[in-house]
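Subject: Structure handover

Hello,

Here is the structure we talked about. Please open it alongside this note, and then read on for what turned up.

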Amino acid sequence: MVASTVPPPRRRSGWRRRAAPYAHLAPALLAIGLTTVYPLVSALITSFRHWRLNETREPGEFVGLEQYERAFTDGTFYNSAWVTLEFTVISVVLSVGLGLGIALILNNRTRLSAFTKALLILPFAVAPALKGFSWRFMLNPDTGVYDKMVDTVLPFFDDINWLGDPFWALMVLALTEVWGWAPLIALMLLGGLGSISPEVREAAKLDGASPWQEFWRVTFPLLRPLLLVVVFLKAVFSVKIFDQVVTTTGGGPGRATESMNFFAYSQGFTFLDIGYASAVSWVIVLVLGVLAALYLIAMARQEAK
Amino acid sequence: MTDMAVKREPAAAPVEPPPPRRRRKRSAWSAAGSAARVTATMAILFFVLFPIVWMALTAFKPARDAFSTALVFTPSLENFSAVLGGQSDLTGALLNSVLIGAATTVIAVPLALLAAYAFSRYRFPGHRSMLLAIVATQFIPGVAIALPFLTLFRSLGLIDTHLALVIVNLSIVVPYITWLLKGFVDSLPVEIEEAARIDGCGQVSLLWRVITPLAAPGIFVSAVFSFLLAWNEFLFPTFLSRSDATTLPVALMTLVLPEGVAWGQMAAAGLLVMAPMLVMAFLVRKHFTEGMTMGAVK
């Protein structure tokens, strides 16, 4: 080989080159593994055991699927599953519906819209626990500012004790979530709306389509893959609802707003039944696993588009 | 965001002005339409901002006026002095929040940057599945992480320590910002690295002297997200702290007194929880949608 004037780049031996990516990944993978894989496996093992912290410090004997059988014959567990489902449906529908409305209203280039878009992210940055307190304060049936507004506009709502009524308590809980998510979803959808070519919509307009027809026949079909991504994303985070349950309703009235996460928390943390709480938390892991798979499929489709 | 604007530009030119007869009808429509749009936008602004504004106002009201809906009042710092060193002192929790947020960020960002670099620059067996696994960790419910750590930290005597909360925070922060930083490293030109390598730059100094400065905006954004996620976290400190390491969002619970919630103080403390995050979120607002949807929306 003829020696070139430029010194050749340092060649590393084959195994070192192959090991390079893993060497870079090792610290992060170690941290993620230690803080996610370890607890998941540990919770799975504990879910097959009997373990009450108030009886023994060390985990007790293996009891097979007993904790899971207990969950599926426990009315209060079913209640929490039902509450979580209701909450998820309500908050997904409201967040995505309102988010889409906001996106369509702001999908133009006026200064007012630009100003509003810049502020849309703010509610999402408020700690969820604080959102709970904030809405609880504003909907206080005697003194809350939103309660007063509602009572002025709709006098027959005067008697409603928002957090004392099972239906409205769940709605308020959903509202704390919608307040942060609807504007965020609007921002995501505005990204999608921006990528729809204006020629397509202009063509529909020239063909005499009303704004209503234009939306359902042109915009909506083009936006649908992205909407699906957003729906699953919101569903995943709704199933995980915990913070606002603690700060807004404490699970009440009765058990009307006790989500699955809150149920697992009260079994493990309040009643110190670690075995049962671990089984419940693994049921939540499985539910979220299914939703996550659906989300990833929807995302792959959106990317393929 | 920028490429969106570029795509829009050329479309404006070929649109021909509509014939004059239709124009009058349309302008009447569009006048009504834009009035409706302005009204609707105002409603959106009200929906988004009012809870924030109301909490800020309540925080500055004299304590006895917490329940008044008056918009005009003499501002008072009573509530702030109560929560900052006064009767319901939350200064300790505030310091804990700052400390835990900062420590989480300082640990998480370098780890995530290294991993993001590997995902961006190398193709290796397991690339896709590891990336997918990192995304998937975001869907793990907090209780399934907090419960095992509750029992582990109990036996290690780490309950109610800052270290415990920093460790557990890494479970959400590291995967999230790894994904975020991968996007930033992807957008850096490879040529600079090749040039540096030809000049004899080793891997360590390449990462430190070339990649880190180039990815500085991305590092800033991910540092903000790390801090924000750690700051707003509620489930972990609820499980793993009692009093010494309690963070501010959890300490809000101490304002729920047997005789009712101390709303004035709650608003002041709430403003302390909220205000720094509002500023941070505003600074990185363009990156929220990218991070949350793992790049499905650009």
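Where in chain A is A:Phe62 found? A:Phe62 sits in the loop between helix 1 (14–46) and helix 2 (66–71) of chain A. Bear in mind that this is a predicted model.

A:Phe62 is exposed, because its relative accessible area is 51% and the cut-off for exposed is over 50%. A:Phe62 also belongs to a nonpolar patch on the surface, together with A:Val37, A:Val41 and A:Ile45. The accessible area of the patch is about 360 Å².

Next, the aromatic rings. Over all chains, the structure holds 36 aromatic pairs. One of them joins A:Phe263 and A:Tyr276: the ring centres are 6.2 Å apart and the planes stand at 85 degrees, so the pair is edge-to-face. A:Phe263 lies in helix 12 (residues 260–270) of chain A and A:Tyr276 in helix 13 (residues 274–304) of chain A, so the pair ties together parts 13 residues apart in sequence. A:Phe263 is buried, at 1% relative accessibility. A:Tyr276 is buried as well, at 0%.

In chain B, look at B:Phe119 and B:Phe124. Their ring centres are 6.2 Å apart and their planes are at 35 degrees, so this pair is tilted. Both residues are buried.

There is also an aromatic cluster with members from chains A and B. It consists of A:Trp135, A:Tyr146, A:Trp179, B:Phe46, B:Phe50 and B:Trp54.

Finally, charges over rings. The charged end of A:Lys240 is placed over the ring of A:Phe237, 5.3 Å from its centre. In chain B, the charged end of B:Arg285 sits over the B:Phe282 ring, 4.2 Å from the ring's centre.

Best wishes

Methods
Residues numbered from 1 in each chain as written. Chains lettered and ligands numbered in written order. Predicted model: local features only at pLDDT ≥ 70, side-chain atom pairs only at ≥ 80, totals over all residues. Heavy atoms only, no water. Patch = residues over 30% accessible without salt bridge, like charges linked within 9 Å, V, L, I, M, F, W, Y side chains within 5 Å. Areas by Shrake-Rupley, 256 points an atom, 1.4 Å probe, with all protein chains shown as cover. Salt bridge = Lys/Arg side-chain N within 4 Å of Asp/Glu carboxyl O. Helix = DSSP H or I, 4+ residues; strand = E, 2+ residues; numbered from the N terminus. Buried < 20%, exposed > 50% of the residue type's maximum accessible area, 1.4 Å probe, protein only. Phe/Tyr/Trp six-rings, centres within 6.5 Å; stacked < 30°, edge-to-face > 60°. Lys NZ or Arg CZ within 6 Å of the ring centre and 35° of its normal.
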